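Keep the structure open as you read.

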Amino acid sequence: MMQRRSFLALSGVSMLAFGAPAMAQTAPATARASSPGGMLTVEVGTDNDGRPMYSVSRLGQPVVRPSRMGFLLTDQAPLERGLRMTAGQPMMVDDTWEQPWGERQRIRNHYNEWRTTFTETGGLGRRVDVVFRLYDDGLGFRYEFPEQAALTTVRIGSELTQFNLAENGEALWCPAWEWNREEHLYRRTPIDGVGSAQTPMTVRGDSGLHVSIHEAALIDYAGMNLRREGGTDFRCALTPGLTNAAVERTAPFNTPWRTLQISDTAAGLLDSSLILNLNEPNKLGDVSWFKPMKYVGVWWEMHLELKSWGAGAKHGATTENTIRHIDFAAEHGFGGVLVEGWNKGWDGQWFGNGSDFSFTEAYPDFDIERVTSHARSKGVQLIGHHETGGNAFHYDQQLEPAMALYERLGVHSVKTGYVADAGGARVAGPDGRVVMAWHESQPMAQHHLRVAEVGARHKVAINAHEPFKDTGLRRTYPNIISREGQRGMEYNAWGNPSNPPEHEANLAFTRLLAGPMDFTPGIFGMKTRSAEGVATTWAKQLALYVVIYSPIQMAADLLDNYEANPEPFQFIKDVPVDWSDSRTLDAALGDYVVVARKERNSDIWALGAITDEHPRVLSAPLGFLDAGRRYRAEIYRDGPDANYTDRRESIVIEQREVTSADTLTLALAPGGGQAIRFVPLGRSRRR
């Protein structure tokens with residue numbers, strides 16, 4: 001690993017000069033620093049009242065106009081005016097680190113770090129630092145509270161961070177503070193038509209510039225939403241806590257990074273590693289006990305009401321049904337089998353309650369010892385399941401023995417669930433009694449990290465559903481392998497409405513910018529309990545395995561549907577889940593995406609292309625393939641009459657020989673897609 005650090009010039013007004021040490025300034029004052037390639041510049045200062053402000057420009061053009069920073073505290077005066085700024089010099093960092101699994105194996109981390117300090121000129125003389133990390137494709141900044149006598153316990157009522165976007169345009173966003181947590185359809189409106197939004201929120205300005213606002217490295221803090229204050233001006237809105245403080249911490253501590261991913265193309269956003277880079281390195285060490293895999297499961301049949309989670313004649317998680325899935329997985333090369341409903345507690349009212357769940361006791365018709373033994377004999381792992389009904393308090397009481405059981409049985413990953421209405425999670429209050437909390441409150445952030453840490457001690461990886469949002473913690477805790485955090489495939493089983501055909505394209509520019517998603521693609525049975533059914537084509541279902549990254553990918557449909565359709569099922573069997581390189585070949589915000597990825601342990605590439613409700617003809621240059629080498633392109637494309645309403649199963653499967661000099665034409669049906677696997681054949685002759 002190479003790391004290079006050097007001091008750069010800091011320019012600005014007042015008393016700062018090239019090469020000079022940090023010096024005190026009198027308000028108002030400003031200073032500025034830029035990213036390594038000079039693409040982005042941040043200017044920081046104070047206004048006439050000593051309020052801290054920042055602004056962002058790209059190649060000289062404003063991106064974020066002067067925006068406030070600071071805090072309202074619940075037990076002290078606000079920390080947001082009467083401040084004096086001092087600023088140090090930027091420090092360059094340029095290194096490369098390796099993921100144990102991911103969209104790409106090696107990630108360059110190249111930024112300029114710049115520290116600014118704000119100190120009260122009167123009163124208690126309190127201090128807070130704001131640290132910026134400037135990349136050419138975006139930036140992050142966070143507040144750092146040092147140890148100080150005047151501010152030991154920090155009780156934050158509101159964070160005043162603003163994002164005053166410099167231009168109007170189009171926004172892709174999901175509403176915040178709604179009943180169903182994060183699982184609401186995306187809206188596409190003018191930027192000045194946004195209400196309160198979850199993050200990531202992504203916009204395309206009238207100039208064509210793309211900006212996505214999110215956060216990174218959220219540990220022991222409240223999740224951030226965005227509240228539009230007027231025009232194109234947004235302010236941080238922290239998720240409420242258990243008291244009048246959204247966050248309570250003891251100094252010293254850092255807030256999460258507030259992030260801006262910035263690109264002149266939609267594809268540039270998708271190829272950014274900013275969120276991951278702003279997290280700390282792996283602290284778990286060797287995590288080779290988890291292997292990226294595809295899996296099948298006892299799951300979809302419950303959503304279709306063919307089986308039940310609870311006990312009785314329709315119970316899905318029986319020994320026999322699970323063994324059938326294990327044998328199917330072994331026959332077709334899948335690494336795991338998910339089993340939901342195996343444990344006691346599913347009978348009665350578990351939604352938003354969860355107090356009856358046992359995470360160590362199985363129903364009588366599920367022999368967990370026999371099932372896991374059979375799985376091991378077949379080279380397959382059982383994937384555990386812990387639905388909590390949102391009752392984190394109850395889950396915490398059983399967390400250690402539950403993970404110890406999985407470790408003993410060789411279960412190395414678990415899908416957790418927190419099904420409860422927004423604000424209906426249950427946690428321990430200040431007096432130790434159960435109280436209600438928001439899913440993205442500080443207590444739930446603490447809970448999810450605790451689950452990851454206990455899981456790591458027992459060699460169990462975590463795939464959380466109804467989760468705390470993804471902020472890139474998988475770099476620090478690689479056993480956080482995936483999560484839900486938006487509408488998944490199950491909405492196509494019973495949703496009213498089901499996911500619309502633009503949903504997956506919307507995900508690419510919002511939810512997926514945060515990290516991996518366990519979307520559970522691969523449905524061939526397109527008619528469901530939902531009136532709309534699955535509003536995609538078969539080819540798009542296959543393409544989702546490439547477009548939506550996760551190191552754990554489900555073949556979600558009924559086994560009967562795969563056995564009846566072996567030809568398209570072959571792509572699901574063949575497509576990798578772990579990659580050494582990923583490249584977005586073409587994309588348009590919320591409209592379409594074309595992604596190519598290279599398998600981690602071979603020279604095989606895969607391509608996935610998806611569109612919204614509109615048909616498209618796109619070009620895919622194959623320059624990512626090795627020059628001078630021939631490949632067999634295994635193509636799964638929409639049939640000429642395919643569409644997402646009544647010809648979803650129309651698919652053409654064909655092969656052709658290609659090289660890096662070729663360009664493929666991708667004809668995508670309405671709601672359709674295309675999936676291609678490129679298998680090396682050898683070296684082509686010189687022409």
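Is E657 buried, partly exposed or exposed? E657 has a relative accessible area of 46%, so it counts as partly exposed, the class between under 20% and over 50%. The model is a predicted one. It holds 52 salt bridges and 8 cavities of 30 Å³ or more.

**Salt bridge between two strands**
- E657 pairs with R630 in a salt bridge, and their closest N and O atoms lie 3.4 Å apart.
- This pair links distant parts of the chain, 27 residues apart. E657 sits in strand β38 (residues 651-658), while R630 sits in strand β37 (residues 629-638).
- R630 is also partly exposed, because its relative accessibility is 26%.

**A charged network**
- One network takes in D47, D49, R51, R68, E80 and R81. Salt bridges with shared partners join these residues.

**Salt bridges of R616**
- R616 forms a salt bridge with D591, at 4.0 Å from N to O.
- D591 and R616 are both buried.
- R616 also forms a salt bridge with D612, at 3.0 Å from N to O.
- D612 is buried, as is R616.

**Largest cavity**
- The largest cavity holds about 370 Å³ of space.
- Its lining counts 28 residues. Nearest the centre are E103, L270, S272, L512 and L513.
- Helices α1 (266-270), α2 (274-277) and α10 (511-514) each give at least two lining residues, and so does each of the strands β33 (579-588) and β34 (592-599).
- The lining of this cavity is made up of 15 nonpolar, 7 polar and 6 charged residues.

**Second largest cavity**
- The volume of the second largest cavity is about 210 Å³.
- It is lined by 16 residues. H448, L449, L473, I480 and R483 are the ones nearest its centre.
- Helix α7 (442-457) and strands β30 (461-465) and β31 (480-483) each supply at least two residues of this lining.
- α7 gives the largest share, with 4 residues.
- By class, this lining has 11 nonpolar, 3 polar and 2 charged residues.

Definitions and conventions: Residues are numbered from 1 along each chain as its sequence is written. This is a predicted model: local features need pLDDT of at least 70, side-chain atom pairs count only at pLDDT 80 or more; totals for chains, interfaces and linings use all residues. Side-chain values use heavy atoms; hydrogens and water are left out. On a 1 Å grid over the protein atoms alone, a cavity is a set of points where a 1.4 Å probe fits but cannot get out, and a pocket is an open set with protein on both sides within 12 Å along at least five of seven lines; lining residues have an atom within 4 Å of a point. Grid points are joined across faces, edges and corners, and a volume is the space filled by probe spheres set on the points. Ala, Val, Leu, Ile, Met, Phe, Trp, Tyr, Cys and Pro count as nonpolar, Asp, Glu, Lys and Arg as charged, and the others, Gly among them, as polar. A salt bridge is a side-chain nitrogen of Lys or Arg within 4 Å of a carboxyl oxygen of Asp or Glu. Buried means under 20% relative accessible area, exposed over 50%, partly exposed in between (1.4 Å probe, protein chains only).
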